[in-house]
Amino acid sequence: MKIVTKGFASAMALTVGLAGAARAEDVEVLHWWTSGGEAAALNVLKEDLASKGIGWIDMPVAGGGGEAAMTALRARVTAGDPPTAVQMLGFDIQDWAAEGALGNLDAVAAAEGWDAVIPGALQRFSKYDGHWIAAPVNVHSTNWVWINKAALDAAGGKAPETFDELIAVLDAMKANDLTAIAHGGQPWQDATLFDALVLAEGTDFYKQAFIDLDPAALGGDKMAAAFDKLIKLRSYFDSNFSGRDWNLASAMVINGEAGMQFMGDWAKGEFLKAGKVPGTDFICIRFPGTQGAVTFNSDQFAMFNVSGEGKLAAQAAMATAIESPTFQSAFNVVKGSVPARTDVPDTAFDDCGKKGIKDLAEANTNGTLFGSMAHGHAAPASVKNATYDVITAVVNGEYSDGATAAKALADAVAAAQ
Ligand code: GAL
């Protein structure tokens, strides 16, 4: 589906690319930002580009986590007609670069000094073979809990810091006739929760299991313990969790039907869109047991190989707009994420955003910042999908004990490599 939201003819200014001469054409952007909060954030980008005279041709492909968007992308590239820019995550960017499908943003990056301000953890995905191929727009993290403040107050008022405290709060919420956990049963959402459970078993363990893909860690006792906790937590889901979109789960917490949601900080975009205020209507905490550590995913816009100076100028102009510090602040305040550059002040961010920025910087310094497995920043898609299969089978009740699930995970990951 293509929706033209702003035509070239209405361009307000002449946009000049780095080459100096070409006028930037409209950008066609493939993305999966279709929820209320996501669309509001995307609008910040559309309006920023419009103010520079660059029109926007929208190619939305709904589906959190981006799996459907990646399928649509494959079809477009196979047809020889790639979009100008594509929202993309982690290892997927590297895979497309390895296929030779991506363009080169070196000139923009050098002119604007990206090397010095974009953290190495992101550059690892934005660069291929030493060349810039994508522009990171944000940093999200997956180990958050979004709690309805009134529901927490009614459940004793203390935010849980350990797994046992979490269970006590969930029991109290259940006793208050709430759905304690708002969950959407889709593989990527199941895996988002599991990121946090694995991280809670220890930062070294997360790295061994999900980054190094060590078979002993994947199939061992700590993984079994993480799966046992997942089995415990699923008992607090409502009976309609299966297939539910993540933003509908957020809405259950927003309207007080449910107590909490385990989700990345894009969920905050939904709370803000609904007019809710952090600290008053909802609170954000790190998943119990993961304080001090961060599992991240960074949305980047990968630029495909296109021909024609106008198209190249549009890619350069879009990349410049995305990395501008003013835009980084304005966009991420709405999206729920934190800036992809280290030099953006936190002044405009709410308390959750300020915490996100601080947590990220500290985790980066302390060596406790890791790519999210659920969102394609820990391992390539084949491995990620293998973990999805086992995690979702556990959520769907196919395993009754964590040890068996851990063995299945080790086997699935081995077969996927
Ligand atoms: C993630 C993406 C986020 C958010 C989320 C739900 O993969 O990085 O920006 O959009 O999916 O759609």
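This is a predicted model: local features need pLDDT of at least 70, side-chain atom pairs count only at pLDDT 80 or more; totals for chains, interfaces and linings use all residues.
Trainee: How do you know that the length of helix α8 agrees with 1.5 Å a residue?

Mentor: Compare two spans. At 1.5 Å a residue, the 13 residues of α8, 163–175, should span 18 Å. The end C-alpha atoms are 18 Å apart, so the two agree.

Trainee: Which residues of α8 are called buried, and what makes them so?

Mentor: Buried means under 20% relative accessible area. In α8, F163, L166, I167, V169, L170 and M173 are buried. They cover an arc of only 165° around the axis, so they lie on the same side of α8.

Trainee: What does the face turned away from that buried side carry?

Mentor: Exposed residues, D164 and A175. Exposed means over 50% relative accessible area.

Trainee: What do the buried residues of α8 pack against?

Mentor: Contact means heavy atoms within 4.5 Å. The partners include helices α7 (149–154), α9 (187–200) and α12 (221–234). Strands β9 (144–148), β10 (179–181) and β11 (258–262) are also among them.

Trainee: What follows α8?

Mentor: D177, with a positive phi near 65°.

Trainee: Now the sheet. In what order do the strands of the open sheet run?

Mentor: The order is β8-β13-β15, with mixed pairing.

Trainee: Why are β8 and β15 called edge strands?

Mentor: Strands β8 (140–141) and β15 (369–371) each pair on one side only, so they are the edges.

Trainee: What makes β13 and β15 a pair?

Mentor: A pair needs at least two bridges. Three bridges join β13 (residues 294–297) to β15, so they pair. The two run parallel. T295 stands opposite F370 in β15.

Key
Residues are numbered from 1 along each chain as its sequence is written. Side-chain values use heavy atoms; hydrogens and water are left out. Helices (H or I, at least four residues) and strands (E, at least two) are DSSP runs, numbered from the N terminus. The expected span of a helix is 1.5 Å times one less than its number of residues. Buried means under 20% relative accessible area, exposed over 50%, partly exposed in between (1.4 Å probe, protein chains only). The arc is that of the directions from the helix axis to the C-beta atoms.
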